[in-house]
Amino acid sequence: MAWVHRINSRIASSPVGRWFQLEGSGHPRERKGSYFFTELRAGVAAFFAMAYIIAVNSSIVADTGGTCVCHGGVDDPICDANEDYLLCAAEVKRDLVTATAAIAALSSFCMGLFANLPVSLAPGMGLNAYFAYTVVGYHGTGTVPYSVALTAIFVEGWVFFALALFGLRQWLARAIPRSIKLATSVGIGLFLTLIGFTYSEGIGLLTGAQSTPLELAGCTAASLDPVTGLCPDGSKMRSPTLWIGIFCGGVLTVLLMMYRVKGAIIVGILLVSIISWPRGTSVTYFPYTAVGDDEFNFFKQVVDFHKITKTLTVQRWDISEYGGQFGLAFITFLYVDILDCTGTLYSMARFARVIDPVTEDFEGSTIAYMVDAISISIGSLLGSPPVTAFIESGAGISEGGRTGLTSITTGTCFFVSIFFAPIFASIPPWATGCVLVLVGSMMMQAVTEINWRYIGDAVPAFVTICAMPFTYSIADGLIGGICLYITLNTTVWLVEKASGGRFIPPNKAEKDHWTWRVPGGILPPWLVRLSKGKKEFWRADSPVTETASDVPEEEIAKTNL
């Protein structure tokens, strides 16, 4: 349409177009194929691909109970039936709906404005599960209280900032063996899948057992044995919410994704939620109880700005009582953030064709890392687990997004969603359980890239993958895999050196190459320019970018390392 072309041309020739390097702006590094309306459309597409995180993240983190205090006594030590505690936890969930939408809006907007990348950010899947079920624990039964865990995240964000500023983040990400990085993605995928199968944050297909680690469930929550927590044999797979979640939230969503329907995940979540909202049915999310009445009254407001009351700036700085566990949580958050965000940013930058093939870096990388780091700390002040770059940003890039205008649009959509908190806070767990399974299946793709030919790479990777879901801990899986990798490969190296090279594994040549050296140097580009005496060291040199033929579309599925 002529008017669209005219507006695209006018904006491209304006200061806005030059800042975002739109095609036709005259900028020496203008990005081919980037047009104003295309960027807006791409941003909306990315939002619909990411919007599920508002409901899923708030539900997962609310399982910790937040700052609520349990007074259930001996009969109810974790407050599964304590009315006051459950009312408090419902308020925490509403706070987290606002917090999730707010930090996603702020971080995505800043990523677009300052880094000029079409990559959006939000609280990360996997990290939120580790935060909720390993560190803090269900209803606060973990090793570290909610407020102390948020302190670890706040500190991690600023450490992350320093690492990004001086280029150490890139080095740390590449120092981890490739097989462990790939296995981390797969293990987190299985971890999310297991959560999606449980009652607390899923469809209720599995439950813990006594004679075996897990057992088939699928009965209604009221049918669970109060002592063992198991389903009676005659009640298994009889829960109506289970089948609604499987078919409407799972099978339908997969079919829509097969036909490339935009926002397929949102369609599945909304359909299950709409079915579950009417009261008086066997699948209602609002039973006639004190908690159900409270949640239904909030839901009826539909459009409302919910003020954060229980999770805002609740950090606890006296950590002496939790020193070891605090340190473990801090290191795990830092490590997984480095791998997750760095892997996603590199993949998205490559898909958007802004990678320099010589340095293997991309324009605005240092700023992008710093935006992510600051967003982590700000998010912790709101009560949220770590923020990271989202693979779903690929939906926007595939729609033509090439500049930061895409992320700004996505951030604006998240800002609008803040005022629909009653809707997002009323999405039941069986509506999002299959989403966790789908996300887990997408993360499994990295398993094909693991080097299974050399056992020194394969076994540590396998241990990492299995230990994460089986121990219900990302940290334990990482520790097990890394320690085994170091033990095996250091032993091989020592034997080789001691024998003068005579005793080596027959197929050692098939081992993944590992080096601490980073192509292009360890220092960030701005520091290199400063060391060379360039006065305007903050201005990037003209990069060499890859051509479209170098960037297969499948790259968008090979992230979250």
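Trainee: Where is the place of Thr212?

Mentor: In this predicted model, Thr212 sits in the loop between β2 (206-208) and β3 (214-216).

Trainee: Is Thr212 buried, partly exposed or exposed?

Mentor: The class follows from relative accessible area: under 20% is buried, over 50% is exposed, and the range in between is partly exposed. Thr212 has 34% relative accessibility, so Thr212 counts as partly exposed.

Trainee: What does the side chain of Thr212 reach?

Mentor: The side chain of Thr212 reaches the backbone oxygen of Leu214, at 2.8 Å. As for Leu494, 282 residues separate Thr212 from Leu494 in sequence, and the C-alpha to C-alpha separation in space is 41 Å.

Trainee: How is a pair of aromatic rings described?

Mentor: Two values describe a pair of aromatic rings: the distance of the centres and the angle of the planes. Here the count comes to 18 aromatic pairs. Among them is the pair of Trp277 and Phe299, with 4.8 Å centre to centre and 40° between the planes, which is tilted.

Trainee: Which parts of the chain does the pair of Trp277 and Phe299 link?

Mentor: This pair links distant parts of the chain, 22 residues apart: Trp277 is in the loop between α11 (264-276) and α12 (290-299), and Phe299 is in helix α12. Both Trp277 and Phe299 are buried.

Trainee: Which residues form one aromatic cluster with Trp277 and Phe299?

Mentor: Tyr285, Phe286, Phe296 and Trp430 form one aromatic cluster with Trp277 and Phe299.

Trainee: Which residue lies over the face of Phe296?

Mentor: Arg279 lies over the face of Phe296, and the distance from the ring centre is 4.7 Å. Phe296 is also one of the residues of the aromatic cluster.

Technical notes
Residues are numbered from 1 along each chain as its sequence is written. This is a predicted model: local features need pLDDT of at least 70, side-chain atom pairs count only at pLDDT 80 or more; totals for chains, interfaces and linings use all residues. Side-chain values use heavy atoms; hydrogens and water are left out. Helices (H or I, at least four residues) and strands (E, at least two) are DSSP runs, numbered from the N terminus. Buried means under 20% relative accessible area, exposed over 50%, partly exposed in between (1.4 Å probe, protein chains only). A polar contact is a pair of N or O atoms within 3.5 Å; within protein, one must be able to donate a hydrogen and the other to accept it, and residues adjacent in sequence count only if both atoms are side-chain atoms. Rings of Phe, Tyr and Trp (its six-membered ring) pair if their centres lie within 6.5 Å; planes under 30 degrees apart count as stacked, over 60 as edge-to-face and the rest as tilted. A charge sits over a ring if NZ of Lys or CZ of Arg is within 6 Å of the ring centre and within 35 degrees of the ring normal.
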